[in-house]
Amino acid sequence: MNQQLNNPLHGITLETILTKLVDHYGWDALYEQISINCFHNEPSIKSSLKFLRRTQWARDKVEALYINTFH
C-alpha cells in the first residue's frame, strides 16, 4: 500500500486516462504527441484500449503524457 501513495496513476483506469487525454487533446493532437497508429487510423477508445493493453511501451507513453498533462 505504501508504494501506491506516490503513484499518481493509482486508482485510475486506462480507459479514464485515455478518455481524459482525448477530451483534452483530441485524436489528431494526441497522435502528434504520441505517434501510435490507433490514434490516427479510425481512432476509437475501444480499439485504442485493446492496443494499449497489449503493448506496454505504448501504454507507458500514454501514462507519461497523462501525468505530464494533468499532474
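Before the helix pairs, a reminder to myself: axes are lines fitted to C-alpha atoms, for helices over the stretch in contact, and angles run from 0 to 180 degrees between N-to-C directions. I also note that this model is predicted.

**Entry 1: α2 against α3.** I started with this pair and found an angle of about 115°, with the axes 5 Å apart. Angles from 65 to 115 degrees count as roughly perpendicular, and α2 and α3 are therefore roughly perpendicular to each other. I then listed who makes the contact: α2 brings F51, L52 and R54, while α3 brings Q56, W57, A58, R59 and V62. Sorted by class, the residues of this contact are five nonpolar, one polar and two charged.

**Entry 2: the two sides of α2.** Which residues of helix α2 are buried? I looked through residues 45-54 and found S48, L49 and L52. Viewed down the axis of α2, these buried residues fall within an arc of 100°, so they line one face of the helix. Turning to the face away from the buried side, I found the exposed residues K46, K50 and R54. I also checked what lies over the buried residues of α2, and the cover includes α1 (14-33) and α3 (56-70).

**Entry 3: α1 against α3.** This pair packs at an angle of about 90°, and the axes are 10 Å apart. That makes α1 roughly perpendicular to α3. From α1, the contact takes in L14, I17, K20, L21, H24, Y25, L30 and Q33. From α3, I noted R59, V62, E63, L65, Y66, T69 and F70. By class, I have nine nonpolar, three polar and three charged residues in the contact of α1 with α3.

**Entry 4: the core.** How many residues does the largest nonpolar core have? I get 18, and those with the most contacts inside it are L18, L21, L30, I36, F39, L52 and V62. Each of α1, α2 and α3 supplies at least two residues of this core, and α1 gives the most, with seven.

**Entry 5: a closer look at L21.** Leaving aside residues up to four places away in sequence, I found that L21 touches G26, L30, V62, L65, Y66, T69 and F70.

Note on methods
Residues are numbered from 1 along each chain as its sequence is written. This is a predicted model: local features need pLDDT of at least 70, side-chain atom pairs count only at pLDDT 80 or more; totals for chains, interfaces and linings use all residues. Side-chain values use heavy atoms; hydrogens and water are left out. Buried means under 20% relative accessible area, exposed over 50%, partly exposed in between (1.4 Å probe, protein chains only). Helices (H or I, at least four residues) and strands (E, at least two) are DSSP runs, numbered from the N terminus. The arc is that of the directions from the helix axis to the C-beta atoms. Contact means heavy atoms within 4.5 Å. A nonpolar core is a set of buried Ala, Val, Leu, Ile, Met, Phe, Trp, Tyr and Cys residues joined through side-chain atoms within 4.5 Å. Angles under 35 degrees count as roughly parallel, over 145 as roughly antiparallel, 65 to 115 as roughly perpendicular and the rest as oblique. Ala, Val, Leu, Ile, Met, Phe, Trp, Tyr, Cys and Pro count as nonpolar, Asp, Glu, Lys and Arg as charged, and the others, Gly among them, as polar.
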